[in-house]
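Me: I have a structure to study. Can you walk me through some of its features, one question at a time?

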Amino acid sequence: MSVKTYDVIVIGAGSVGVPLAMALAGRNLRTLVLETMPSVGQGQNKCAIGGVRATHSDGAKIKACLRSLDIFSTWREKCGEDIGWLKGGYAFPVYTEQDEEVLKELLKVQRGFGLNIDWLDADKMRGLIPGITQKELRGGTYAPDDGSASPLLAINAFYRRALGLGAEFHFMEPVTEICSEAGVVKGVVTSLGRYNASWVVNAAGADAAEVSAMAGVKVPVNPDCHEAGITEPMERFFEPMVVDIRPGDKSKNYYFYQNSEGQIVFCLTPQPPIWGRDRRSTSQFLPEVSKRMTALMPDLANIKVRRTWRGLYPMTPDGFPIVDFPGALKGYVLAVGMCGQGFMLGPGLGETIAAHIAGKPSADDREILAGFTLERNFSSQEKLK
Amino acid sequence: MERITDHPVLEPEEKKKLRFTFEGKSLEALGDEVISSALFASGIKIFSYHKKDGSPQGIFCANGQCAQCAVVADGLPVKACVTKVREGMTVARLNGLPKMPSATGPAMSEQDAGAGGAEKNGAPRFPGQKGETCAQELGRVEEIEVDALIVGGGPAGLAAAAELGKLDVSTLIIDDKHKLGGKLVLQTHKFFGSVEDCFAGTRGIDIADKLEDQLKAYPSVKVWVNAACVAVFSDRRVGVVYNGGYYLVKPKAFISATGAREKTLAFEGNTLPGVYGAGAFQTLVNRDLVRPSKNLFIVGGGNVGLIAAYHALQAGIKVAGLIEAMDHCGGYKVHLDKIKRLGVPVYTSHTVVRAGGTTGLETVTVAQVDKNFKPLEGTEKTFAADTLLVAVGLNSVSEFHGQAVAFGMNAFVCGDAEEIAEASAAMFSGRITAHKVLKSLGVMTGPVPDFWFERLQTLKSRPGKTHESAVREHDKAVYPVLHCRQEIPCDPCATVCPKKSIKIPKSNMMAVPKFEGDCIGCYKCLLICPGLAVTIVDKRKDPKHPTVALPFEIGRGLVKKGDTVTLTDYEGAGLEKAQVTDVKDFKAENTLIVIAKTTSAVADRAAGLKLYEPQKPEKTGGGFSAMPDSAIICRCERISLGEIRKAIRAGVRDLNQLKAVTRAGMGACGAKTCASLIAGIYKSEGVDLKEVTALSQRPLFMEVPLGAFSNITCRTEEEEKASWSGF
């Protein structure tokens, strides 16, 4: 039996793997995506709440997300499909002097990268977030060009596009071996057979470390768990993603927005972090997030919660992704450790990785990868996780 | 007003009258009444216009499960079927998306609103009350440890609670309604089964009271009504919303007695207001004494559909017809024959193909089916009807149990939540489950006796063989005629006979009863028979013109002494005219006995009175489209069969992906109704269900206001002042 040969094999049909396949197939590279789950986006993609922002604290992420923003925001006009894109902006309301200092300092960096972000006084913040608690509100930052999209609709749209461009997808087919000869990738073996390829991309999300071990490349990616929820839909009453960076009793920040259906989607960062892969809902989440959200915006008390879920953040020690072509194994590509931002980074990184594989990276593409190399000192910390 | 003021079984209670407004119009409600019933009582059947396409929405489950009956009450979107009317309440149709309620008031759950929580502080606490200031206090969530938590206060849960209470096990039983009894409180008919084990021969409504009373003897059993289980969490805590507050219960044993929910069908016009489940109908008619219909049509010849037809007749509602897709009705023959005698046309091998009407149901079109249940062109019959009940079977509510097992809890399941059967079986399975719980808690060490399981199997039995009418083998002057010829698990007639002359072998409750011995004409067997299948023939006065005593449960005053009536045989065929010589009213049993003078030729065959002429179809033919693209599958998000079929044909095999691309199952109810319809569409598309990945189960089980989870409390300015007055 002849072994099927591809240019690129992508491991993982999630937030990163699917837009990457779309970008690869768009460059006429023969692409196969292998996924253990039964359909696209069934790992952590569907757990993402849908925020997409470029207002990060470092150049590589900002550049990658600006690319993503371009793809999300123009999808409807270019492809005619609704992916729930909303340009609602990101708002960080501030209640303490210390937070004001931190965010104002960061503002300089962000504006240095040409981002559209500003400090709003308390009155303007109230206008943006109707009903926000006024006591001690100092104002906050607001980035109007950020937004949100539906992870569910977006990944399926990217999937259909990738299929249309010729990419192949195999579901419920786990990779059991990454094959190499003399330090060069040759392909993979799966539960069903062997496939040859010159490039194998690890886009396995929460399973990235295990997948990378098959390539003999150690990556410091460990998942932790976050819970999220969604409410009934209401007529639109606020636009931005609201991020409250204050610490709570059992949590760090939390954030929420009103999606294109009118539903409020919210997520909380537990403190201390809960390491591991447990995706089963806990009794802790709703009381904690309810207390915090209703304290910030009392009107939310009356909105009914419809569903909750728990997803994994594939974390790296410094909170930045690892996107690299490690020297140890030629042809092996890492697109891992998205730290909960796979959905917003995916389309941009997909473009960048595809450009590198096709051999035509731009200066920006090179800059993005330079920021996410595996061979780095992981001691710095992402300021706006 | 469409209220039932005269009912053969139910006694309308005197209730306080309330005023509320709907769409600006002042309407009357009765105290403790939910919004949906108050609106139906005023003839209002459209509750909202769907956000997707503006189509009118009415009720569907009337059981707090489906969210289709959403209205806006005092500014908040609520389920009309579980939210009680308050004096002065402003109710409006929900048109599209609800507006953001302002938070000048606290979080109110529907349970809270329903449970009189609104009056807790002596003043309305809904948002939007002008001049009311509100200080918020974020409370902590109370954790409650119990030995056993029972979710569901129906026959299974109540029976289990009593067994646990007997051995002083600390037990919390919760139910989301304001009254215990589950669906027993909707059942006006007498129950089958055995007298000894499960109150056979007693009406459902009365069984509910008995089971509830029984619990009062057991102080270790705590009851929470208006308490909804909303989630089972991986840390083995169970989230309960009780009177608007949120509690986490940590049980040593978790018992799901959550009952069942109704299945439905996909056909043209299937979401028109007026098309809903038999449970919703029984809730309106039997619990709330509202007459929602003048002319009813029923799909489904199982016990639920047959009983619903009977309940309709008792409530003075005409039944235009009942159809069943199989070539025979699956419900008990005694139920079927009851409605046949009353002139309800029953069409087997028929299915519904269209609900017609613009803003509400006007016509129902049915068609004959072939042996593969495919409707046949040219066999259409169209009936005038304002209400179509879909009673095509039940699915277990098994989510909580599934999650509890997955999370490693000491989990048990009983009643319909385990397997769909009669309430008699549910009670018995509750008892058995309680014993398993006792064993798991170390309270009892012995195993559950084997014969209990045998008895449970009997009670769960589907109806067996139907025997020919027995030939009379005696020449007594007074005797019962036992028209009950189908094997069903039922024994009250044999238990009640003072002469022990009605025989059902102890070893086989399924056997048809046999009369052997003497009869004193005491009517006990006639009065207790749930199937109304016993008549008493009395030849003592006039052997040539014996009297026949017939049980009668349709309207007091409908048949009077001296009336001339047409007798029918057991299956409704007309026999002869006869004169009514007496009507006896047995108040304790809520049953009338009509005594008619007849001839010895028909005395043994007479079993009913012809009251109504069967309705005929308005027209025949006209064409239809089976499984049309327009049929709605997901009611919450209004996703059509066409949209689902398109996704299936595009290769979607993971229901989670189907949900992502179509939104089917993403609505308020959480795929409670559409999941089984979607499985049916996959089958009709020739897809093996083994290839299809099931939907992930996630909390919450029902929508709960965000504020409830932090137990927000709200105080008026007055109370705020008062709370400081002690300092």
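Me: Which elements are among those that cover the buried residues of α9(A)?
Reply: This is a predicted model. In chain A, helix α9 spans residues 363-371. The cover over its buried residues includes α2 (59-79), β17 (322-324) and α8 (342-357) of chain A.

Me: Why do the buried residues of α9(A) lie on the same side?
Reply: The buried residues are Asp365(A), Ile368(A) and Leu369(A). Ala363(A) and Arg366(A) are exposed on the other side of α9(A).

Me: Which strands are at the edges of the open sheet in chain B?
Reply: The sheet has seven strands, in the order β26-β29-β30-β33-β32-β31-β34 (chain B). Their pairing is antiparallel. An edge strand pairs on one side only, and here these are β26 (478-482) and β34 (608-609) of chain B.

Me: Which residue in β33(B) is the bridge partner of Val548(B)?
Reply: Strand β30 of chain B covers residues 547-552, and strand β33 of chain B covers residues 591-597. The two run antiparallel and are joined by six bridges. In β33(B), Val548(B) has as its partner Ala596(B).

Me: How many residues does domain 5 of chain B give to the contact with domain 1 of chain B?
Reply: In chain B, domain 1 is 17-137 and domain 5 is 633-691. Domain 1 of chain B gives eight residues to the contact. By class, these are three nonpolar, three polar and two charged residues. From domain 5 of chain B, the number is nine.

Note on methods:
Residues numbered from 1 in each chain as written. Chains lettered and ligands numbered in written order. Predicted model: local features only at pLDDT ≥ 70, side-chain atom pairs only at ≥ 80, totals over all residues. Domains from an automatic or database assignment. Contact = placed C-beta atoms within 7 Å. Nonpolar A, V, L, I, M, F, W, Y, C, P; charged D, E, K, R; others polar. Pairing = 2+ DSSP bridges. Helix = DSSP H or I, 4+ residues; strand = E, 2+ residues; numbered from the N terminus. Buried ≥ 20, exposed ≤ 12 C-beta atoms within 10 Å, placed from the backbone.
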